[in-house]
Amino acid sequence: MAEPVKGPASYFPSIEKKYGRPIAEWKDLIRSSPLTKHMELVSWLKAEHGLGHGHANALVAHTLAEDTGK
């Protein structure tokens, strides 16, 4: 049996369902943004793309962690 997904990735199925975009597309948007700070990116996703705070935070945290290898 597979381990349950934990951390920010646990939000991914509901993000895809609610906002209709695959996670890879959200990550590409985050990576193409001129913003680099976590909370700036979260605020931008909320203001420009209508994401809720938890969903925006999960996407940014996961993307930045991937990019820094943490």
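**Helix α2 and helix α4: group meeting talk**

I start with a salt bridge: the side chains of Lys 27 and Glu 66 meet at 2.9 Å, N to O. Lys 27 is in helix α2 and Glu 66 is in helix α4, so this pair ties together parts that lie 39 residues apart in sequence. By salt bridge I mean a side-chain nitrogen of Lys or Arg within 4 Å of a carboxyl oxygen of Asp or Glu. Helices here are DSSP runs of H or I, at least four residues, numbered from the N terminus.

Some housekeeping. This is a predicted model, where local features need pLDDT of at least 70 and side-chain atom pairs count only at pLDDT 80 or more, while totals for chains, interfaces and linings use all residues. Residues are numbered from 1 along each chain as its sequence is written, and side-chain values use heavy atoms, with hydrogens and water left out.

Back to Glu 66. Arg 31 also forms a salt bridge with Glu 66, and there the closest N and O atoms are 2.7 Å apart. Through shared partners, salt bridges join Lys 27, Arg 31, Glu 66 and Asp 67 into one network.

How exposed are these side chains? I call a residue buried under 20% relative accessible area, exposed over 50%, and partly exposed in between, using a 1.4 Å probe and protein chains only. Lys 27 counts as buried because its relative accessibility is 9%. Glu 66 is partly exposed at 41%, and Arg 31 is partly exposed at 38%.

The count of salt bridges comes to 4. One of them pairs Arg 21 with Glu 25, the closest N and O atoms being 3.2 Å apart. Arg 21 is partly exposed, with 27% relative accessibility, and Glu 25 is partly exposed at 35%.

Now helix α2 itself, residues 23-32. Its buried residues are Ile 23, Trp 26, Lys 27 and Ile 30. They sit on the same side of α2, because they cover an arc of only 100 degrees around the axis; the arc is taken from the directions from the helix axis to the C-beta atoms. On the other side of α2, Ala 24, Asp 28 and Ser 32 are exposed. The cover over the buried residues includes α1 (12-19), α3 (38-49) and α4.

Last, Thr 63, which belongs to helix α4, residues 53-68. Thr 63 counts as buried because its relative accessibility is 0%. Leaving aside residues up to four places away in sequence, Thr 63 touches Lys 27, Ile 30 and Arg 31, where contact means heavy atoms within 4.5 Å. A polar atom of the Thr 63 side chain lies 2.7 Å from the backbone oxygen of Leu 59. Met 39 is 24 residues from Thr 63 along the chain, and their C-alpha atoms are separated by 13 Å.

Note on methods: Helices (H or I, at least four residues) and strands (E, at least two) are DSSP runs, numbered from the N terminus. A polar contact is a pair of N or O atoms within 3.5 Å; within protein, one must be able to donate a hydrogen and the other to accept it, and residues adjacent in sequence count only if both atoms are side-chain atoms.
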